[in-house]
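Keep the sequence and the 3D view side by side as you read.

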Amino acid sequence: MAPHFIEKPENKVLIEGSSDFIEAVVDGNPFPSVIWYKGNRECLDGPKYTCDVDQTTGIVGLTIKKIKSEDESKYTVKIKNDAGEDQATCSLFVR
């Protein structure tokens, strides 16, 4: 079954200096691989980002740590498996 979104990520306002997350709910068989992007750059696990995937619930998330004004951007989540791919975009705003 081709990957698809049950719930797409939503636009969100983040508080500077805090940590917060964006999430989506996805499905597909086999369960899709998930990649998050800020603009055109992949968000890799590390000191700034944590990518979470729960194959049981389908919840996929991106945690952004120590939010700064430069984190304000469009974020895209791409999901892909052997049957196809899909993507969804949201905007994050920093206050």
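**Starting from Val13**

Val13 is partly exposed, with a relative accessible area of 39%. Do keep in mind that we are looking at a predicted model. The cut-offs make the label clear: buried would need under 20% and exposed over 50%, so a residue at 39% is partly exposed. Val13 sits in strand S2, which covers residues 12-14. Together with Ile15 and Phe93, Val13 makes a nonpolar surface patch of about 260 Å².

S2 belongs to an open sheet of five strands with mixed pairing, in the order S2-S9-S8-S4-S5. S2 and strand S5 (41-42) are the edges of this sheet; each has a single partner strand, so one side of each is left without a neighbour in the sheet. Further in, strand S8 (residues 73-81) and strand S9 (residues 84-94) run antiparallel and are joined by nine bridges.

Next, let's turn to strand S7. Which strands does S7 pair with in the antiparallel sense over six bridges? Here the partner is strand S3: residues 20-27 of S3 pair with residues 59-64 of S7. Within this pairing, Val25 stands opposite Ile59 in S7. S7 also runs antiparallel to strand S6 (residues 49-53), and five bridges join the two. Val53 has Val60 in S7 as its bridge partner. S6 and S7 form a hairpin with five residues between them, and in the turn Gly58 has a positive phi of about 85°.

The protein has zero helices and nine strands, giving the pattern β-β-β-β-β-β-β-β-β along the sequence. Its radius of gyration is 13 Å, close to the 12 Å that the globule rule gives for 95 residues, so the protein is as compact as a globular protein of that length. The C-alpha trace spans about 40 × 20 × 20 Å along its principal axes.

A few totals complete the picture. Of the 95 residues in the protein, 35% are buried. Among contacts between residues at least 6 apart in sequence, 59% join residues at least 24 apart. As for the surface, the protein exposes about 5700 Å², and carbon and sulfur atoms supply 47% of that area.

Technical notes
Residues are numbered from 1 along each chain as its sequence is written. This is a predicted model: local features need pLDDT of at least 70, side-chain atom pairs count only at pLDDT 80 or more; totals for chains, interfaces and linings use all residues. Side-chain values use heavy atoms; hydrogens and water are left out. Two strands pair if DSSP finds at least two bridges between them. Helices (H or I, at least four residues) and strands (E, at least two) are DSSP runs, numbered from the N terminus. Patches are made of residues with over 30% relative accessible area and no salt bridge: like charges are joined within 9 Å, nonpolar side chains (Val, Leu, Ile, Met, Phe, Trp, Tyr) within 5 Å. Accessible areas come from the Shrake-Rupley method with a 1.4 Å probe; for residues, only the protein chains shown count as cover. A salt bridge is a side-chain nitrogen of Lys or Arg within 4 Å of a carboxyl oxygen of Asp or Glu. Buried means under 20% relative accessible area, exposed over 50%, partly exposed in between (1.4 Å probe, protein chains only). The radius of gyration is taken over C-alpha atoms; the globule rule is 2.2 Å times the number of residues to the power 0.38. Contact means heavy atoms within 4.5 Å.
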